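Look through this model step by step.

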Amino acid sequence: MQEILDYIKKNEEAYIEELKELLRIPSISTLPENKDDVNRCANLVANKLRNAGMSRVEIFQTEGHPLVYGEWLGAPGKPTVLIYGHYDVQPVDPIELWDNPPFEPVVKDGNIFARGATDDKGQMFMHIKSVEAFFKIDGSLPLNVKFIIEGEEEIGSENLESFINMNTELLKCDAVLISDTALFGPGIPTITYGLRGISYMEVELTGPRRDLHSGTFGGAVGNPINLLADIIAGLHDKNGRITIPHFYDDVLKTTLKEKDNFKRLKFSERRFASEAGVKILQGEKGYSTLERLWTRPTLDCNGIIGGFTSKGAKTVIASKATVKISMRLVPNQDPKKISRLFTKHIKDMAPRSVIVEVRDLHRAYPVLTPLDSPATIAASKAMEEAFGKRIVYVRDGGSVPIVTSFSSKLKVPVVLMGLGLDSENLHSPNEHFSLKHFQLGILSSALFFKKYSK
Ligand code: BES
Ligand code: MN
Ligand code: MN
């Protein structure tokens, strides 16, 4: 084993150069104009898997972006781990806030900067390199490994979901390993056991058939922007609670034991606020910041469109106003039920002077993973050994839509062994990934394979 770990440490520079190849491809899944780039990225991931030594590598086309599959099943009698990750990335705007072009990776102060560096190309690539190290040194893996790397995580993983439903035999495994979450802090080995779900909606109000002169018509017709603002303002009460009827019905109460664990984590509200770039924190009354982030559902506007937004002034009553709203959900809320409740509530709230359309864009189920599965235990020990520190168990406010499909369709435990940091600007300008954590991730992956194989 030591030889493998040494090999990984020795090859850090080469790994970084290879990661740059992945980071140069603008595989933005949500933008139609990047479709070819997404395809190109799938091909490159497939080549990386082949070159690492995986014996069967295939690209599966879907109705959306391709899935990359790889397997090596040369360890009969040993467990099989399925590694999931995503090669798609978020859009780069606002582009003017990047210090370097998002798809021209640069290394600075121990970090690699590029869109996708931490989410999720850098993290997914750690496992490919750890597999490769085993093949280079031992000529084999200590257990069976499958990879499924998708190109639609950032847009809800819908095609992967149907792929899993139709290919349970191909994906059959004993555990799923995912590196697409964050460490609790720099250098702290972390297993994430909870994720929030999401329900992503869009509301469009249409008032007049065309934009109107705000002098000749203003005051006598409903203004969709004013009315949309009213609706949005009514979605929270003064305690920060969401006002949609029955919204909280299925929310699981946090146990005292879990609250106790949260308190024992050294969480600094001040550092968190400063990372967020705000002076003071704000949220639902009666809950700590960690509880708000990990155990409470939220509702946030993600974008709002309407009327005249160029420079200068134009007197107009817009025909339409649109808002994108996402709700983060917690166990045991069902995103489909929440979407229905949301839609009904918006329709009930909107005045008759406008036409309301509510669209359901995508969703993900909230997740709690078991902490006592052999794979979780192996991952905890692997990280502890790589980092030389005690593991911490955390939940996270983000979502990885496919996780529940793995646990419900493949009926195996999922292990969330993320190496990112919340401060690494994922989905935002100057995204980066710590090269220290990149290496620790490759080492943790290798140690996991060894420990889980026993
Ligand atoms: N890797 C993130 C989720 C994440 C980030 C979890 C940090 C925990 C810590 C993932 O790529 C992501 O961005 N998910 C989206 C899902 C959505 C687009 C369906 C999210 O959470 O917004
Ligand atoms: Mn991700
Ligand atoms: Mn993401």
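C301 is partly exposed, at 39% relative accessibility. C173 is buried, with a relative accessible area of 10%. Here buried means under 20% relative accessible area, exposed means over 50%, and partly exposed lies in between, with a 1.4 Å probe and protein chains only. The structure holds zero disulfides, a disulfide being a pair of cysteine sulfur atoms within 2.5 Å.

This is a predicted model, in which local features need pLDDT of at least 70, side-chain atom pairs count only at pLDDT 80 or more, and totals for chains, interfaces and linings use all residues. Residues are numbered from 1 along each chain as its sequence is written, chains are lettered from A and ligands numbered from 1 in the order in which they are written, and side-chain values use heavy atoms, with hydrogens and water left out.

Turn to the metals. Donors are N, O and S atoms within 2.8 Å of the metal (3.2 Å for Na, K and Ca); water is not among the atoms, so sites may look incomplete. H86 sits in strand β3 (residues 80-86) and D180 in the loop between β7 (175-178) and β8 (190-195), so the pair ties together parts that are 94 residues apart in sequence. Helices (H or I, at least four residues) and strands (E, at least two) are DSSP runs, numbered from the N terminus. H86 is buried at 0% relative accessibility. D180 is also buried, at 12%.

What do D119 and the two manganese ions form together? D119 bridges the manganese ion (ligand 2) and the manganese ion (ligand 3), which lie 3.6 Å apart. D119 itself is buried, at 7% relative accessibility.

The manganese ion (ligand 3) is coordinated by D119 (OD), E154 (OE), E154 (OE) and H427 (NE2), at 2.0 to 2.6 Å. Its donors follow the spacing D-x34-E-x272-H. D119 lies in helix α4 (residues 117-138) and E154 in the loop between β6 (144-150) and α5 (158-166), so this pair links distant parts of the chain, 35 residues apart. E154 is buried, with a relative accessible area of 14%.

Why is the site of the manganese ion (ligand 3) called irregular? Its six donor atoms subtend angles of 55 to 155°, which makes the arrangement irregular. Four donors count as tetrahedral if all angles lie between 85 and 135 degrees; four count as square planar and six as octahedral if opposite donors are over 155 degrees apart and all others between 65 and 115; anything else is irregular.

On a 1 Å grid over the protein atoms alone, a cavity is a set of points where a 1.4 Å probe fits but cannot get out, and a pocket is an open set with protein on both sides within 12 Å along at least five of seven lines; lining residues have an atom within 4 Å of a point. The second largest pocket is lined by 21 residues, with Y193, K257, E258, N261 and L371 nearest its centre. The largest share of that lining, four residues, comes from α7.
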